[in-house]
Amino acid sequence: MNYRKLGKTGLKISEISLGTWQVGGKWGSGFDDEKADKIINTAIDQGVNFIDTADVYEEGLSEKAVGRVVRSRSEEIYVATKCGRQINPHINENYTPEVLTKFVEDSLKRTGLERLDLVQLHCPPTDVYYRPEIFETFDRLKDQGKVRNLGVSVEKIEEGIKAMEYDNVATVQIIFNLFRQRPSELFFTEARKKDIGIIARVPLASGLLTGKFDSNSHFDKEDHRNFNRNGEAFDKGETFAGVDFEQGLKAVDELKSLFPDTKNLAPIALQWILQFQEISCIIPGASKEDHLLSNTSVYDLPPLSSEKIEKMNAIYDKYIKPQVHQRW
């Protein structure tokens, strides 16, 4: 495992870390505590020392699993969670310092931790980024020893750039992968200037970049890859990184032709992200242990040549860029 600095937090974190949206089982399958514990423990065994969760993942069960495992280990493991998506309706007016403070305190109870290493606003409405009192709330929580650092998880680049204007924002979590390349432009430049840690989420485009799907692939009724392809439940960009599924399959087929002897493209997709030094870490999810080991197998691969990277980017330009580049 290699480690990178998480921006101005100063924390040294595993560049392949763990996202826990589906750590207790695949999307829509319910939560399996035993499976979650096994995946998280295996991640730590592989050198992962940064785990990302959220209070809404399986109604808090993900936070409980993360806290339970972290408390049982002797290694120093950094825990990041998120708050805000419990607000219903999820609108700017319902974001208040009191509500967010309670969310953080509830996360502390669920994890059983004395302090959270990173708390991130969880894709709030755009108007929230223009309310200093919301960001000041976390200064008080830091003074109380409940929170170590503040970050944001964003849908749009513009939201991330706005969030960086607040001095206490140390990290931005953003969708970034071979099929969502726009952040590598202005956003990376501004983050570098302000020493912001960048956490790359949805790195495999909801599994599209593994190369394991085809036009006959079936997704469970409760799986967002079934019900949110057009943004029916939440931002469309969260599902397949906003890429039309059939168009994405065409791009993946061409990607496969670049790596004809590779059955699993996931480690290569992660390699592509890691070429950017602005990235602090990637947080691929894992609904079973094999997924986790696939993600960490990135270190078993030869480096991507500049020629391969150029051809991968050409696939993006041909199939994906016209659809998604300016949308987020």
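Where is the place of T171? T171 sits in strand β8, which covers residues 169-175. Keep in mind that this is a predicted model.

Let's stay with T171 for a moment. Is T171 buried or exposed? Its relative accessibility is 0%, so T171 counts as buried; the cut-off for buried is under 20%. Now its neighbours.

Next, two helix pairs. Start with α3, residues 97-111, and α4, residues 132-143. Their axes come within 9 Å and cross at roughly 40°. That angle makes α3 oblique to α4. The crossing of these two helices is right-handed. Who meets whom? On the α3 side, we have P97, L100, T101 and V104. On the α4 side, they meet E133, I134, T137, F138, R140 and L141. By class, the contact of α3 with α4 has six nonpolar, two polar and two charged residues.

From α8, the contact uses Q247, G248, K250, A251, E254, L255 and L258. From α11, the contact uses K308, K311, M312, I315, K318, Y319, I320 and Q323. Here the residues divide into seven nonpolar, three polar and five charged.

Key:
Residues are numbered from 1 along each chain as its sequence is written. This is a predicted model: local features need pLDDT of at least 70, side-chain atom pairs count only at pLDDT 80 or more; totals for chains, interfaces and linings use all residues. Side-chain values use heavy atoms; hydrogens and water are left out. Contact means heavy atoms within 4.5 Å. Helices (H or I, at least four residues) and strands (E, at least two) are DSSP runs, numbered from the N terminus. Ala, Val, Leu, Ile, Met, Phe, Trp, Tyr, Cys and Pro count as nonpolar, Asp, Glu, Lys and Arg as charged, and the others, Gly among them, as polar. Buried means under 20% relative accessible area, exposed over 50%, partly exposed in between (1.4 Å probe, protein chains only). Axes are lines fitted to C-alpha atoms, for helices over the stretch in contact, and angles run from 0 to 180 degrees between N-to-C directions. Angles under 35 degrees count as roughly parallel, over 145 as roughly antiparallel, 65 to 115 as roughly perpendicular and the rest as oblique. A crossing is left-handed if the near helix is turned anticlockwise from the far one by less than a right angle, and right-handed if clockwise.
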